[in-house]
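I opened a new page in my notebook today. I want to look up a few things in this structure and write down what I find.

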Amino acid sequence: MRSPRTLWALAALLAAAGGAQPLQSPLHDDDIPRILAHGPWPPPPVRDVSNRVSGQPAAIAFGATLFHEPRLSRDGQRACASCHQPARGFSDGLPRAQGLQPGTRNTLALANLGQQHWFGWDGANDNLWAQSLRPLLDAREMGSSLAQLAATVRDDPALHAAYRQAFGQPPGSNDERVAVDAAKALAAYQETLVTPRTPFDDFRDAVARGDRAAAAAYPAAAQRGLALFLGRGRCYVCHSGPNFSNGEFSDIGRPFFITRGEVDPGRHGGIQALQRSRYNLLGPFNDDATRSTAVGTRHVLLAHRHFGEFKVPSLRGLARTAPYMHDGSLPTLHEVLRHYSELDENRLHADGEAILRPLRLTDQETDDLLAFLASLDGEVAR
Ligand code: HEC
Ligand code: HEC
């Protein structure tokens with residue numbers, strides 16, 4: 001049933017479009033452009049010019065095979081899909097990843113990667129194929145080597161054939177080239193992982209069309225949560241755009257100790273790793289000779305304020321990707337909201353300081369924000 005409150009809210013939206021100031025509405029006319037800015041969804045597919053097989057069906061198929069292939073790891077026991085499990089939104093449900101050795105960060109869910117330009121919690125990579133090569137070579141994750149990767153692709157008849165299909169020629173003798181190509185096929189596959197449409201998207205499009213009947217299907221609690229998200233909560237400042245992330249880095253006052261005395265430097269370390277990397281967009285493996293997407297990498301500057309900053313995560317599809325935060329320290333969305341409600345301003349430095357303040361949410365407001373976050377979830381596409 002529609003509650004009177006819902007009707008008021010909808011009347012408000014429509015009245016706002018016509019310029020009248022509504023009564024009793026959780027959403028105001030100022031909110032309409034902000035609501036519209038979180039869509040449309042899904043976004044048009046993005047082709048990555050740094051990857052010559054981006055968007056190509058044979059490469060996507062080869063990448064999907066490699067994603068589930070444990071022989072790409074040193075011990076033959078773990079694949080990308082061991083940590084990025086399709087049924088869990090391509091994450092693993094653990095606070096911190098468990099590879100060949102225990103990791104220090106939460107496994108990032110894989111979705112909507114075409115919407116991003118920095119990868120990893122610290123943005124240590126500026127492209128998806130480099131980010132895909134990293135776990136293969138990292139001793140703590142899959143522990144393989146360029147030689148092992150290339151040999152696996154060359155020597156297995158099915159992988160050899162799939163490589164030839166994807167790249168138009170058999171794998172050559174240069175191990176690094178073959179390994180980077182495998183990572184490019186993995187990237188082509190991961191670009192196809194897009195979260196589905198959600199109740200929020202239906203509401204947003206209804207607002208765009210001025211379709212009162214369709215907008216009425218969006219629950220009143222979610223509308224109130226959305227009003228907080230765009231209003232007093234100021235969440236939209238960082239969780240902006242169709243993917244609910246500005247793709248950049250912030251400090252929101254989470255502790256960044258890994259163990260006593262050992263800290264995760266976050267973006268500060270990420271920039272250093274990015275600049276060192278042979279696989280960044282300025283390096284020899286970018287397939288785009290003009291380096292047209294390398295502008296951010298060329299201009300990124302290391303500053304002290306980056307210490308303890310982490311990537312702003314997307315808020316789509318959160319239901320399956322608990323626990324939350326870069327270190328998996330918050331088991332539920334309720335606890336995430338408690339963080340924003342009670343946050344310790346003394347912990348904040350850099351940008352977060354100017355935007356965030358403890359919200360002191362009431363129980364009702366917490367429930368409304370949870371209802372809104374739940375409306376950013378649809379059936380996860382496989
Ligand atoms: C041992 C668990 C583990 C394995 C195996 C693993 N990953 Fe990850 N993945 C992680 C963790 C943890 C992160 C976050 C890393 C960070 O911030 O440093 C991550 C991050 C990523 C990201 C960045 C996503 C984003 O939004 O920035 C991509 C892409 C990715 N992994 C792809 C892969 C691919 C492809 C493979 C297989 C070749 C793979 N991963 C294997 C744990 C794993
Ligand atoms: C200053 C930028 C900023 C603002 C404002 C902000 N966030 Fe965040 N949010 C982040 C960053 C950065 C992280 C990751 C922090 C980390 O892992 O240490 C995050 C993490 C989250 C997560 C966890 C997601 C995951 O996959 O782990 C949720 C949920 C979330 N924010 C919701 C909100 C809500 C709701 C608001 C408003 C009350 C809000 N955020 C305001 C930057 C922001």
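Predicted model: local features only at pLDDT ≥ 70, side-chain atom pairs only at ≥ 80, totals over all residues.

Entry 1: I began with helix α11 (residues 220-230) and helix α16 (residues 363-374), whose axes come within 7 Å. They cross at roughly 100°. Angles of 65 to 115 degrees count as roughly perpendicular, and α11 and α16 are therefore roughly perpendicular to each other.

Which residues of α11 and α16 meet? On the α11 side I listed Ala221, Ala222, Arg224, Gly225, Leu226, Leu228 and Phe229. On the α16 side I listed Gln364, Glu365, Asp368, Leu369, Ala371 and Phe372. I then sorted the residues of this contact: eight are nonpolar, two polar and three charged.

**Entry 2: the iron.** Which protein residue is a donor to the iron atom of ligand 1? I found a single one, His84, through its NE2 atom, 2.1 Å away. His84 is found in the loop between α4 (80-83) and α5 (128-137).

**Entry 3: the cores.** I looked up the largest nonpolar core next, and it has 40 residues. Those with the most contacts inside it are Phe62, Leu66, Phe67, Trp129, Leu133, Leu136 and Tyr279. The helices α3 (57-67), α4, α5, α6, α7 (157-167) and α8 (175-190) each supply at least two residues of this core. Which helix gives the most? α8 does, with ten residues.

I followed up on Phe67.

**Entry 4: helix α5.** Is α5 mostly covered or mostly open? It is mostly covered, with eight of its ten residues buried. Among them are Leu128, Trp129, Ala130, Leu133 and Leu136. The buried residues of α5 pack against α6 and α8.

**Entry 5: Leu149.** I picked one residue in helix α6 (residues 146-155), Leu149. Is Leu149 buried or exposed? Buried means under 20% relative accessible area, so Leu149, at 4%, counts as buried. Leaving aside neighbours within four places in sequence, Leu149 is in contact with Leu72, Leu133, Leu136, Leu137, Ser144 and Ala179. I also checked Leu149 against Trp41: they are 108 residues apart in sequence and 36 Å apart in space, C-alpha to C-alpha.

Terms used:
Residues numbered from 1 in each chain as written. Chains lettered and ligands numbered in written order. Heavy atoms only, no water. Donors = N, O, S within 2.8 Å, 3.2 Å for Na, K, Ca; no water. Helix = DSSP H or I, 4+ residues; strand = E, 2+ residues; numbered from the N terminus. Axes fitted to C-alpha atoms, helices over the stretch in contact; angles between N-to-C directions. Parallel < 35°, antiparallel > 145°, perpendicular 65-115°, else oblique. Contact = heavy atoms within 4.5 Å. Nonpolar A, V, L, I, M, F, W, Y, C, P; charged D, E, K, R; others polar. Buried < 20%, exposed > 50% of the residue type's maximum accessible area, 1.4 Å probe, protein only. Core = buried A, V, L, I, M, F, W, Y, C linked by side-chain atoms within 4.5 Å.
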